[in-house]
Amino acid sequence: MDNDDRVLIADLKEENKRDLAFNTLVKKYQERLYWHIRKIVLNHEDSDDILQNTFIKVWKNVGNFREESSLYTWLYRIATNESLTFINSNKRKSFVQMNDTSEFLMNNLMSDPYFEGDEIQLKLQEAILQLPEKQRLVFNMKYFDAMKYDAMSEVLDTSVGALKASYHHASKKIEEYLKNID
Amino acid sequence: MVIKMDEFKNIVPKLSNIKKENPFETPDKYFDNFSEQLKMKIEAEKEIAGKQHGIIRFLKPALGLAASFALIFMLVNIPLKKFMSQKVADSNIETELTETDYLSVIAGIDESSFFLLLDEPDGGIEFSEEDLLTYASANTSEYELFIESNN
């Protein structure tokens, strides 16, 4: 854990420094977490809600943070869990019968006014949505965010070897999907 | 299994040809305003938590008192109930009255109070034909009965 984060956590645990430290933490991590969430749920409004919930959870639980992992890993883990919980609960709540997560997320993407991608990028998103949940997470974190496998391993609690294999399989599946729609 | 860039291009040429651009956008100044929005939400959360804490603090003594009473009641009532039911069972000696006892009770009632009892609308006592016959036979001789039936 870097020294700044260590100081930040210490300040967050002190009542009189808490507000200022939390503001610093939000400013430091909001963009990274937002893009991580956005790639999972695809829609801006939902990403905004999830990001807020993520930080509220951080605010409530920072006192119990045992610093066994880095602050960054802890935040990513909360954001990932919040995003997956959101998808699953919305799939259940939906009035329209959804066949799977990909259908729900595709609807989410299509209804988003802040998606500016061209046709090929839409196809790529479609292809990513065909992947199983874990492979989708791994692909997004590696392909778009270029996250290191070690860091990813801590966030997803999966071995580096398994993550590499997941990324490889995910890339092949996407390639296959793109070939088939040509 | 480290995939180098060239190798990656060979394995997934179509994917490699797609520009790694972020196709997503956010509303203007979203990140500038985010922390302010979050602050408001956290303040609201704090207020709710404070109210809940206040209600709990307000109700705590009353709830504690109620719980203590319930506990004392249970501690006293359960053993007492057990003890009493045992006591009642022990003292529940069936008192069967014999025919002679009934007759002596009936013999103790004089004639006028017997009829008064019968006339009383809410007396709540009902005599069967058998009771009346028993009474008559105990208090009148066969001769008197014969005379009465002939009148």
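Predicted model: local features only at pLDDT ≥ 70, side-chain atom pairs only at ≥ 80, totals over all residues.
Of the 151 residues in chain B, 10% are buried, where buried means under 20% relative accessible area, exposed over 50% and partly exposed in between (1.4 Å probe, protein chains only). Residues are numbered from 1 along each chain as its sequence is written, and chains are lettered from A and ligands numbered from 1 in the order in which they are written. Local features need pLDDT of at least 70 and side-chain atom pairs count only at pLDDT 80 or more, whereas totals for chains, interfaces and linings use all residues, and side-chain values use heavy atoms, with hydrogens and water left out.

At the interface, 30 residues of chain B are in contact (heavy atoms within 4.5 Å) with 44 residues of chain A. The area buried between the two chains, which is the accessible area (1.4 Å probe) lost on putting them together, summed over both, is about 3,500 Å², and carbon and sulfur atoms give 67% of this area. Two salt bridges are counted between chain B and chain A, a salt bridge being a side-chain nitrogen of Lys or Arg within 4 Å of a carboxyl oxygen of Asp or Glu; A:Asp19 forms a salt bridge with B:Lys46, with the closest N and O atoms 3.9 Å apart. On the side of chain B that touches chain A, helix 1 (5-11), helix 2 (13-17) and helix 3 (30-91) of chain B each supply at least two residues, and helix 3 gives the most, with 11 residues.

Within chain A, A:Glu126 lies in helix 6 (residues 119-129). A:Glu126 is buried yet has no salt bridge, and the nearest side chain of opposite charge, that of A:Lys123, is 4.1 Å away; here Lys and Arg count as positive and Asp and Glu as negative, while His and the chain ends are not counted. Leaving aside neighbours within four places in sequence, A:Glu126 is in contact with A:Met106 and A:Tyr177.

Further along chain A, helix 8 (residues 149-156) is largely enclosed by the rest of the structure, because six of its eight residues are buried, namely A:Tyr149, A:Ala151, A:Met152, A:Ser153, A:Val155 and A:Leu156. Just after helix 8, A:Asp157 takes a positive phi of about 55 degrees.

Definitions and conventions: Helix = DSSP H or I, 4+ residues; strand = E, 2+ residues; numbered from the N terminus.
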